[in-house]
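Please find below a colleague's note, written for someone who is meeting this structure for the first time.

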Amino acid sequence: MPMKHKVSFILFNIAILTFLTSCGPSEEKLAEVNTKLQALENARTVAEETFGDLIDSSYKDELDKLSIAADDIAALEYTKMKDSKIDEIIPSIESLTDDYEAMEADLLEIAEKEKAEAEEEGRYINIQGYVTNKTGKTINSIILRDDSQNKESDDLLISNVELGNNETLMGIVFEVYIPTDVWSIIITTSDDSTYVAQVQDLEDRSMFGMTFGEIAEDGTFTVTIGDYVSEAKETEGANTSSSESSSINAEEEASSNEASSESSN
């Protein structure tokens, strides 16, 4: 090849390489932007996984907006950009990464709160039983108050239901917080008077039989807790004894009538 043509060929190749280099990024810049994009993807994944485990969904809209922005910025053709153009985009990638990391911090706080609430919820148990009213008055409201937590239950008597004196209400359910060992029973009577009595040892029972004692002149009353099964057996025994007594009386009456009839004859 003549020297003149050889020089022209070399110059042509150099021109082509220069053109290609000017149309794309340098290897260093491409590596830099890929590192930034990977950091963004990692922050996004962590935040979305944390959010997915939460009950609270208040961050959904904000997370959706970040997701759209992250998708758009990841879809850009960085291999066709100049270094200067990539330099313009990198701050946006870093800003999105910061937004995800800030959101992750907020989501972790919510996660810790929900975990604590779940653990506390697990320390509540329901115990079921019945209440017998021996106060001498009609009761139209029964509330259980946790004195240590200073929390009151909903009214255990449904609307328009009253518990008369000497009446028993079955199916009462107390929600009891295990660490507490002292509660108060608050009753309201039909004359709109309110009375309070302390009760203990609820946490030791899975079922209960409870009796509200007579209201004293000073406005106090007692709460007696018995075992549900024992109370039921006693009631059953009393009913059986009553039935047997009635049967015996009936037999004696029949015998007496028979004797009376024979005497008449």
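The points that follow take up helix packing, a serine, and pairs of aromatic rings.

1. A word of care comes first: this is a predicted model, and the remarks below should be read as descriptions of that model.

2. Two packed helices are described by the angle between their axes and by the distance between those axes. For helix α3, which covers residues 60-74, and helix α4, which covers residues 83-121, the angle is about 150° and the axes are 11 Å apart. Since angles over 145 degrees count as roughly antiparallel, α3 is roughly antiparallel to α4, and the crossing of α3 and α4 is left-handed.

3. Which residues make this contact of α3 and α4? From α3 come Glu62, Leu63, Leu66, Ser67, Ala69, Ala70 and Ile73, while α4 contributes Ile89, Ser92, Ile93, Leu96, Asp99, Tyr100 and Met103.

4. Serine 67, a residue of helix α3, deserves a separate look. Its relative accessible area is 16%, and serine 67 is therefore buried, the cut-off being under 20%. Leaving aside residues up to four places away in sequence, serine 67 touches Arg44, Glu48 and Tyr100.

5. Helix α4 also packs with helix α2 (residues 27-52), the axes of α2 and α4 coming within 9 Å and crossing at roughly 20°. With such an angle, α2 is roughly parallel to α4, and the crossing of α2 and α4 is left-handed. The residues in the contact of α2 with α4 divide into 15 nonpolar, two polar and 10 charged.

6. How many aromatic pairs does the count give? The count comes to three aromatic pairs. In one of them, the ring centres of tyrosine 124 and tyrosine 177 are 4.8 Å apart and the planes stand at 40°, so the pair is tilted. Because tyrosine 124 belongs to strand β1 (residues 124-133) and tyrosine 177 to strand β4 (residues 168-177), the pair ties together parts that lie 53 residues apart in sequence. Tyrosine 177 counts as buried, at 8% relative accessibility.

7. A further pair joins phenylalanine 212 and phenylalanine 221, whose ring centres are 5.8 Å apart and whose planes are at 75°, so that this pair is edge-to-face. Phenylalanine 212 counts as buried at 0% relative accessibility, and phenylalanine 221 counts as buried at 7%.

Notes: Residues are numbered from 1 along each chain as its sequence is written. This is a predicted model: local features need pLDDT of at least 70, side-chain atom pairs count only at pLDDT 80 or more; totals for chains, interfaces and linings use all residues. Side-chain values use heavy atoms; hydrogens and water are left out. Axes are lines fitted to C-alpha atoms, for helices over the stretch in contact, and angles run from 0 to 180 degrees between N-to-C directions. Helices (H or I, at least four residues) and strands (E, at least two) are DSSP runs, numbered from the N terminus. Angles under 35 degrees count as roughly parallel, over 145 as roughly antiparallel, 65 to 115 as roughly perpendicular and the rest as oblique. A crossing is left-handed if the near helix is turned anticlockwise from the far one by less than a right angle, and right-handed if clockwise. Contact means heavy atoms within 4.5 Å. Rings of Phe, Tyr and Trp (its six-membered ring) pair if their centres lie within 6.5 Å; planes under 30 degrees apart count as stacked, over 60 as edge-to-face and the rest as tilted. Buried means under 20% relative accessible area, exposed over 50%, partly exposed in between (1.4 Å probe, protein chains only). Ala, Val, Leu, Ile, Met, Phe, Trp, Tyr, Cys and Pro count as nonpolar, Asp, Glu, Lys and Arg as charged, and the others, Gly among them, as polar.
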